[in-house]
Amino acid sequence: WFWSGGDQNAANSPPRRRVWVDDFVIRRHPVTNAQYLKFLDSLVAMGREKDALRYAPRERAGIAGLQEGALIFGYDGQNFSLKPDVDGDVWEPDVPVLMVDWYGACGFAAWEAERTGLPWTLPPELAWEKAARGVDGRCFPWGDHFDPSRACMRESHSGRLLPASVEAYPLDESPYGVRGMAGNSADWCADSRREGPA
């Protein structure tokens, strides 16, 4: 059991309620660029270049759903690589992978499950919330008070906001030891928020 919802400062927060979530395993850190590059290169090596290009991180397109944005990773026809983006920023290997759509996230989870023989999937939203907040209904992984120095977010930077290494903010850690759930990147879940119990 855990306390879900009820955060008056969060947009579209469902009402506070006690919810049961079956046990699950979740990774300590988000998927990094280095891990995602291995996934894409593996797809290409298996003859699935079309899938690799479909799952690769892309800039936002001009017309949603009708036009693909430019690739963010470099691709030479055999391997993907990190390269400077259009702003000249280099995406580091230990930074969470960004600009991946839900299908790419699901593709990575399926690949990881096949590669490891373990049943990896995207977490259901309620499991993600429990992993982030613990069982006591806290607003943030570290407690109820807002502190921008604990996570990589707009308020924790004086200059331009850039993603940080998954190791850079050790205080952005949930009661379960999961990191990066209050900042740095957004995570895809297997489902969308439900008003009723899981």
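Predicted model: local features only at pLDDT ≥ 70, side-chain atom pairs only at ≥ 80, totals over all residues.
## Aromatic pairs and a cluster

A search of the whole structure returns eleven aromatic pairs. One of them joins Tyr36 and Phe39 in an edge-to-face arrangement, with 5.1 Å from centre to centre and 65° between the planes. Both residues belong to helix H1, which covers residues 33-45, and they stand three residues apart, or about one turn of the helix. As a general point, an α-helix has 3.6 residues a turn, so residues three or four places apart point the same way. Tyr36 counts as buried because its relative accessibility is 1%, and Phe39 is likewise buried, with a relative accessible area of 1%.

Phe39 also takes part in a pair with Phe108, which is edge-to-face as well, at 5.5 Å centre to centre and with 85° between the planes. Because Phe39 lies in helix H1 and Phe108 in helix H3 (residues 102-116), this pair ties together parts that are 69 residues apart in sequence. Phe39 and Phe108 are both buried. The two residues belong to one aromatic cluster, whose members are Tyr36, Phe39, Tyr55, Phe108 and Trp111.

## Arginine over tryptophan rings

Two arginine side chains are placed over tryptophan rings. The charged end of Arg16 sits over the ring of Trp3, at 4.3 Å from the ring centre. Arg27, in turn, lies over the face of Trp120, where the distance to the ring centre is 4.8 Å.

The structure holds twelve salt bridges. One of these is formed by Arg27 with Glu112, and the closest N and O atoms of that pair are 2.3 Å apart.

Because Arg54 lies in helix H2 (residues 49-55) and Asp101 in the loop between strand E4 (80-81) and H3, the pair ties together parts that are 47 residues apart in sequence. Arg54 is partly exposed, with a relative accessible area of 35%, and Asp101 is also partly exposed, with a value of 27%.

## A network of charged residues

The side chains of Glu173 and Arg179 meet in a salt bridge with an N to O distance of 2.7 Å. Glu173 counts as partly exposed because its relative accessibility is 27%, while Arg179 is buried, with a relative accessible area of 12%. This pair is part of a network of salt bridges in which Arg28, Glu167, Glu173 and Arg179 are linked.

Thr32 lies in the loop between strand E2 (17-19) and H1, and at 9% relative accessibility it counts as buried. If residues up to four places away in sequence are not counted, Thr32 touches Pro93, Asp94, Val95, Pro96, Val97 and Val166.

Gly183 is located in the segment after helix H4 (125-133) and is buried, with a relative accessible area of 8%. With residues up to four places away in sequence again left out, Gly183 touches Ala151, Cys152 and Asp172. Gly183 and Pro163 are 20 residues apart in sequence, and their C-alpha atoms are 9.1 Å apart in space.

## Helix H4

Seven of the nine residues of H4 are buried, so this helix is largely enclosed by the rest of the structure. The buried residues are Leu126, Ala127, Glu129, Lys130, Ala131, Ala132 and Arg133, and they pack against strand E1 (2-4) and E2. After H4 comes Gly134, which has a positive phi, near 75°.

Definitions and conventions:
Residues numbered from 1 in each chain as written. Heavy atoms only, no water. Phe/Tyr/Trp six-rings, centres within 6.5 Å; stacked < 30°, edge-to-face > 60°. Helix = DSSP H or I, 4+ residues; strand = E, 2+ residues; numbered from the N terminus. Buried < 20%, exposed > 50% of the residue type's maximum accessible area, 1.4 Å probe, protein only. Lys NZ or Arg CZ within 6 Å of the ring centre and 35° of its normal. Contact = heavy atoms within 4.5 Å. Salt bridge = Lys/Arg side-chain N within 4 Å of Asp/Glu carboxyl O.
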